[in-house]
Amino acid sequence: MGVVAIRDLKQHAGETVTVRGWMFNRRSAGKLHFLQVRDGSGFLQCVAGRKDVDEATFELLGRVTQESSVQVEGEVRLEPRAPGGAELGVRRFEVIQMAAQPYPISIQDHGHGVDFLMEQRHLWLRGPKASATLRVRARVIQAIRDFFNQRDFTLVDPPILTPAACEGTTTLFNVEYFEDKAYLTQSGQLYMEAAAMALGKVYSLGPTFRAEKSKTRRHLTEFWMCEPEIAFATLDDIMSLAEEFVSFVVRRALETCGEEFKHLERDTKPLEKIVPPFHRIRYDEAVTKVRAAGVEMRDEDDFGTPQEMAIVGDSEKPVMVHRYPTAVKAFYMKRDPENEKRVLCVDVLAPGIGEIIGGGQRADDLAYLEEQIALHKLPRAAFDWYLDLRKYGSVPHSGFGLGIERTVAWICGNEHVRECIPFPRTIYRIYP
RNA sequence: UCCCCGCUAGCUCAAUGGUAGAGUAACCGGCUGUUAACCGGUGUGUUGGAGGUUCGAGUCCUCCGCGGGGAGCCA
């Protein structure tokens, strides 16, 4: 008799229940109305024949508009002709608010351009594909938390307002901070290193900001990142952690997002193959592979998108590339003791999306770090606290950052990261 | 910041320099099993903006604006 979530409807076959939600679509065949109602947990077909309800209700069913908020009472029937295998035979029907016409997104996800849909993002979220992606995102984040909590990592929240650049090179959003200037964080990493020296194994999960004028389907100015950092861990340790981590998150998505993948038309077979170990390849081997694939590659240069795609090739699993040239990586990377021109870092490249993880072993020697800070022309004073970590009980340590939206895009098979965050922020979009 | 592409009806798109069109949505009518239902009917325009060339510009030229894809940078 009570209100039932559409997701759980099949367990109530034969019972009379109430569903509350919104009109998604309506089809009418004379003396028969088919309503599609969504309630946030799923989509449901409701059927009403002329004899099933009183005359006023039947007339109302014929003119109720898309997105009107409604309450439907009826009998749950298992019905193979209905999408989802179950439907509601309408007994009572009530409109809470009749939605204005026309509705801006009349045929759900169909026939609209990205720009228009982004302008209507607050309504677009209601569509089956958008809501499925957001559910996958939520479960990916839950999986991330579970993974680290199960392994006795401590959640640490680094600051969002920061006094200076973490890496100096990238552009920061600046904000007024009373009489001073402050910046929105572009990475919590340096703070996570401090936390690792206190708590051993730590991770963060939160927003990050980059004022880069990037215009690609893999970039946002505001995105979410998960950053684990581990005292005493080496590059090899975190490469193993990264592949277990990514595999865990994908497996959890497969276990919990079956309905969502159907809505997204995501073929899950490639995801089922995501298990450790991932292919590990040195930068120098990767360069050879890129050139063998006929893609241009300069000596000692970083990889761009075409190069990353060539490295992943048609591999269904992510590929881990390690030991990049010192010159193309951040100042805090630890030098490879076997080769001065290489640092102990790793990028995890996912099929179709590219880099989802970047990380490595951190420089733990005070003199080397001071030298690097000078070399990169960074303001030494801003890093005094960071250098303290190397003065007072420095140990080898490693960590990485995983981009949430890129990971969700890869798992969902979505082409754009901006579909993987509720309200995307890009260089040309801060509305809605 | 650079390169390429786009901007025409609410939306998605057509239109050799020669009367501004279709599909779809919306609205009206029909249909007892529809699946983006279908069938019939009705309306819809500062062609992103400003100049210019021309007898005539949606179309060609210049500038500007807005957006998309990519580069750089990165997750």
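A pocket here is an open set of points on a 1 Å grid over the protein atoms alone, where a 1.4 Å probe fits and where protein lies on both sides within 12 Å along at least five of seven lines, and its lining residues have an atom within 4 Å of a point. The model is predicted, with local features needing pLDDT of at least 70 and side-chain atom pairs counting only at pLDDT 80 or more, while totals for chains, interfaces and linings use all residues. Residues are numbered from 1 along each chain as its sequence is written, chains are lettered from A and ligands numbered from 1 in the order in which they are written, and side-chain values use heavy atoms, with hydrogens and water left out.

**The second largest pocket**

Begin by selecting G42, F43, G84, E259 and H263, which lie nearest the centre of the second largest pocket among the 23 residues that line it. The space in this pocket is about 690 Å³, a volume being the space filled by probe spheres set on the points. Next, colour domain 1 (6-97) and domain 2 (122-420); both give residues to the lining, so the pocket lies between them, the bounds coming from an automatic or database domain assignment. Then show α7 (258-264), which supplies the largest share of the lining, four residues. Helices (H or I, at least four residues) and strands (E, at least two) are DSSP runs, numbered from the N terminus.

**RNA strand B**

Now select the residues around RNA strand B, meaning those with a heavy atom within 4 Å of it; there are 52, of which N25, R27, R210, R217 and T305 come nearest.

**The open sheet**

Finally, display the open sheet of eight strands, with mixed pairing and the order β6-β10-β11-β18-β17-β16-β13-β12. β6 (154-155) and β12 (279-282) stand at its edges with a single partner strand each, so one side of each is left without a neighbour in the sheet. Two strands pair if DSSP finds at least two bridges between them; β13 (residues 319-322) and β16 (residues 345-350) run antiparallel and are joined by four bridges. Select V321 and D347 to see bridge partners, D347 being in β16.
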